[in-house]
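Subject: Structure for you to look at

Hello,

Please find the structure below.

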Amino acid sequence: MASDSESNMDREIILADFQACTGIDDIAEAITLLELNNWDLVAAINGVIPQENGILQSNLSSVASQANIYGPHSQAAPAAPPAAPAASSSSSSAFCPALPSRHIVERQPRMLNFRVEYRQRTVEVVIEEGSVVGEIKQILETELQVPVSKMQLKGWKSGDVSDSIVLQSLHLPKNNSLYVLTPDITPTASTSQNSVLQESLNQNFLLVISHREAQRDYNLNFPGSRTIQERKLLAIYLHNDESVLGNVFCSQMMCADSIVSYLSQNFITWAWDVTKEANKARLLTMCTRHFGSVVAQTIRTYKTDQFPLLLIVMGKRTSNEVLNVIQGNTTVDELMMRLMGAMEIFTAQQQEDIKDEDEREAREMVKREQDEAYQLSLEADRKKREAQEREQAEQLRLQQIQKEADDEKEAIRLSLEHALPPEPAEEGGEPISKLRIRTPSGEFLVRRFLGSTKLQVLFDFVASKGYPWEDFKLLTTFPRRNITQLDPASSLLEAKLFPQETLFLEAKE
């Protein structure tokens, strides 16, 4: 029981110290934040008062060691229970003298970092703890081009939350990971994306540039394949109304004729006001996406009295790089020197990029020529192969036709052969006619027929041997007669092919 009492005493002191240093009067909120950090006082204070606000780990460590003097083993009176408001004031005298007093009076809003995944994209969002979930969706709508109404934000440890929930009530850590689901939006295939890109390249686009001071719009027409020929450095001016250097920098530096002229000729200038934390959070989100987390962290480290800032950004191949960060406490000459130094770096990089682009274009041209030659070769091979395939198909077709014709002829031949009357014997009661038929190959067909046999039977016999009378004519030797021209119903006796005769076959013309 003694150890439990001692542990409770420790937590009461930690709670009082935490409230005194952060200015959080809500005991329930303070206990929740401490429990999220396992009652680690240093970690909890760092979570509420980030390092960019001036609270450093080394300072807190030394302060924490001083706080141990007033712990349970000290001779000082124990702290009052958590319900007593006096505990905060009594404990603060023991723990907080080493902390900067301005953080107790002017507590900065706690910022939360969200890493949001959507399909193949990742978006970094930095937002105040006092914001609602719907504000995250509004930022994502701009970044992902997805309507809020079709967006489901998932990954909350407490389960699904509504858009009106305040982030502070969720007791979130500083860094969080979420993901977006859009079940009503069908994913687009990469092939479709390529076709859309190709269509975009073939379209014409209207670029509208608005000159607000002159209240005039300039309309420029460009084909989709047009590239930006001229590149310039980007100068981002970050302003903070709470900095005493703001007016001086604007009036003396940014309004100097030499600076204005140099910036107009060599830079694209863009300004952003970070006085409000919401604006600063959006800036940090954009910097993280376009320049990386290092640049965003660099901006976080600058204090209010170090503003305004002038960031010099250079596009380098497929990425952007911050060349220089110029603070407000500078002179016109120093500012001009740093701008000129940035231009020298940019010019050198531009020459290198031009050289690389020329070499790349030369390689692309060689590759295109090789591809064209290869495609021509493939086309020639394809046509040759198609011609061969057509020829083979025609041969197969003709062979099939021939086979069908041969099969039909063979079927007819077999039918005729089976239909022939039997060959009569040499000695019989009826007159016998013995016929010798010479074929085109020189062979002889010999057979006996009854004298009363019709000429059609003779024709069928010759056809059964492969010589249909449609293709061949049957001739006598002397006198020469064409038997196939006679009436098929006549008998051999009537055709004077009795008692024997030699005939020959001849192909019809």
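In these notes, contact means heavy atoms within 4.5 Å. Helices (H or I, at least four residues) and strands (E, at least two) are DSSP runs, numbered from the N terminus. Buried means under 20% relative accessible area, exposed means over 50%, and partly exposed is in between, with a 1.4 Å probe and protein chains only.

This is a predicted model, in which local features need pLDDT of at least 70 and side-chain atom pairs count only at pLDDT 80 or more, while totals for chains, interfaces and linings use all residues. Residues are numbered from 1 along each chain as its sequence is written, and side-chain values use heavy atoms, with hydrogens and water left out.

The chain as a whole

The chain holds 14 helices and 14 strands. Of its 509 residues, 33% are buried. Taking contacts between residues at least 6 apart in sequence, 62% join residues at least 24 apart.

Helix α11 and its surroundings

Helix α11 (residues 277-290) packs with helix α12 (residues 293-301) at an angle of about 150°, and their axes are 7 Å apart. Axes here are lines fitted to C-alpha atoms, for helices over the stretch in contact, and angles run from 0 to 180 degrees between N-to-C directions. Angles under 35 degrees count as roughly parallel, over 145 as roughly antiparallel, 65 to 115 as roughly perpendicular and the rest as oblique. The helices α11 and α12 are therefore roughly antiparallel to each other. 

The crossing of α11 with α12 is right-handed. A crossing is right-handed if the near helix is turned clockwise from the far one by less than a right angle, and left-handed if anticlockwise. On the α11 side the contact is made by Lys-280, Leu-284, Cys-287 and Thr-288, and on the α12 side by Ser-293, Ala-296, Ile-299 and Arg-300. These residues divide into four nonpolar, two polar and two charged. Here Ala, Val, Leu, Ile, Met, Phe, Trp, Tyr, Cys and Pro count as nonpolar, Asp, Glu, Lys and Arg as charged, and the others, Gly among them, as polar.

Which residues of α11 are buried? They are Lys-280, Ala-281, Leu-283, Leu-284, Thr-285, Cys-287 and Thr-288. The buried residues of α11 pack against the strands β1 (111-118), β2 (121-128), β7 (233-239) and β8 (267-273), and against α12. Just after α11, Gly-292 has a positive phi of about 105°.

Helix α13 and its two partners

Helix α13 (residues 332-419) has 88 residues, which at 1.5 Å a residue should span 130 Å; its end C-alpha atoms are 123 Å apart, which agrees. The expected span is 1.5 Å times one less than the number of residues. Among the buried residues of α13 are Leu-335, Met-336, Leu-339, Met-343, Arg-413 and Leu-416.

Helix α10 (residues 257-266) packs with α13 at an angle of about 15°, with the axes 10 Å apart. That makes α10 roughly parallel to α13. Their crossing is left-handed. The contact involves Ser-258, Ile-259, Tyr-262, Leu-263 and Asn-266 of α10, and Val-332, Leu-335, Met-336, Leu-339, Met-340 and Met-343 of α13. Nine of these residues are nonpolar, two are polar and none is charged.

Helix α14 (residues 455-464) also packs with α13, at an angle of about 135° and with the axes 8 Å apart. The two helices α13 and α14 are therefore oblique to each other. Their crossing is left-handed. Arg-413, Leu-416 and Glu-417 of α13 make the contact with Asp-460, Ala-463 and Ser-464 of α14. This contact has two nonpolar residues, one polar and three charged.

Backbone points in the loops

A cis peptide bond joins Phe-307 and Pro-308, with omega about 0°. Pro-308 is in the loop between α12 and β9 (309-316). Another cis peptide bond joins Phe-498 and Pro-499, again with omega about 0°, and Pro-499 is in the loop between β13 (472-476) and β14 (500-507).

Gln-145, which is not a glycine, has a positive phi near 60°. Gln-145 is in the loop between α7 (133-144) and β3 (152-154), and counts as exposed at 65% relative accessibility. His-171 also has a positive phi, near 55°. His-171 is in the loop between β3 and β4 (175-181), and counts as partly exposed at 31% relative accessibility.

Regards
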